[in-house]
Amino acid sequence: MEAAGGMVSTPKALPYFVALSQILGLTVVAITGAWLGLYRGGLAWESALQFNVHPLCMVIGMVFLQGDALLVYRVFRNEAKRTTKILHGLLHIFALVIALVGLVAVFEYHKKMSYADLYSLHSWCGLLVFILYLVQEQVQ
């Protein structure tokens, strides 16, 4: 609903919910990074640690950045439509690229270690989510 002057009214609690979502999102990214660094040996592309790139990229891309892309229209509802669309699109592109790096990392790791690909329910569900994300981006 539009208020007087074409401005859309914002619920009073929205800034607090957005701040909470950002704090939780950054906390999840930090905890994932700390877990990989402290308990799984860190990150590397040219070693056995290549697998560790996968969970960090998936959390950053498919959870944090994708969530932020969805929030753009709520947070910046009084900004120019073109500006919010550009920011929304950029966040989705960054999320897509980072998630793609995570997928490449896990498939290359499996190839280097001679492991079978797509052998678990997790891998099939994850691939389905990524494909549906791609399809959704093409439809919008």
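Modeller: Let's start with charges: E46 and K112 join their side chains in a salt bridge, 3.8 Å from N to O. The two sit in distant parts of the chain, with E46 in the loop between α1 (14-39) and α2 and K112 in helix α3, 66 residues apart. Before we go on, this is a predicted model, where local features need pLDDT of at least 70, side-chain atom pairs count only at pLDDT 80 or more, and totals for chains, interfaces and linings use all residues. Residues are numbered from 1 along each chain as its sequence is written, and side-chain values use heavy atoms, leaving out hydrogens and water.

Colleague: Why is the pair E46 and K112 called a salt bridge?

Modeller: The term asks for a side-chain nitrogen of Lys or Arg within 4 Å of a carboxyl oxygen of Asp or Glu. The N to O distance here is 3.8 Å, so the pair meets that rule. The count by this rule is 1 salt bridge.

Colleague: What makes E46 exposed and K112 partly exposed?

Modeller: Relative accessible area decides: buried is under 20%, exposed is over 50%, and partly exposed is in between (1.4 Å probe, protein chains only). E46 has 67%, so E46 is exposed. K112 has 43%, so K112 is partly exposed.

Colleague: What about D68, which has no salt bridge?

Modeller: D68 lies in helix α2 (residues 53-75); helices here are DSSP runs of H or I with at least four residues, numbered from the N terminus. D68 is buried, and the nearest side chain of opposite charge, R74, is 13 Å away. D68 does touch Q22 and L91, leaving aside residues up to four places away in sequence; touching, or contact, means heavy atoms within 4.5 Å.

Colleague: How do you know how α2 runs relative to α3?

Modeller: α2 and helix α3 (residues 81-113) pack at about 165 degrees, with axes 8 Å apart. That angle makes α2 roughly antiparallel to α3. For the cut-offs, under 35 degrees is roughly parallel, over 145 roughly antiparallel, 65 to 115 roughly perpendicular, and the rest oblique. Axes are lines fitted to C-alpha atoms, for helices over the stretch in contact, and angles run from 0 to 180 degrees between N-to-C directions.

Colleague: And why are α2 and α4 called oblique?

Modeller: The axes of α2 and helix α4 (residues 121-139) cross at roughly 40 degrees and come within 13 Å. That angle falls in the remaining range, so α2 and α4 are oblique to each other. Between them, H54, M62 and Q66 in α2 meet H122, V129, F130, Y133 and Q136 in α4.

Colleague: Why is I98 called partly exposed?

Modeller: I98, in helix α3, has 25% relative accessibility, so I98 counts as partly exposed. I98 touches C57, I60, G61 and L65, not counting residues up to four places away in sequence.

Colleague: What is said about phi for S114 and L118?

Modeller: S114 has a positive phi near 60 degrees without being a glycine, and L118, also not a glycine, has a positive phi of about 55 degrees. S114 is in the loop between α3 and α4, and L118 is found in the loop between α3 and α4 too. S114 is exposed because its relative accessible area is 66%, while L118, at 25%, is partly exposed.

Terms used: Lys, Arg positive; Asp, Glu negative; His and termini not counted.
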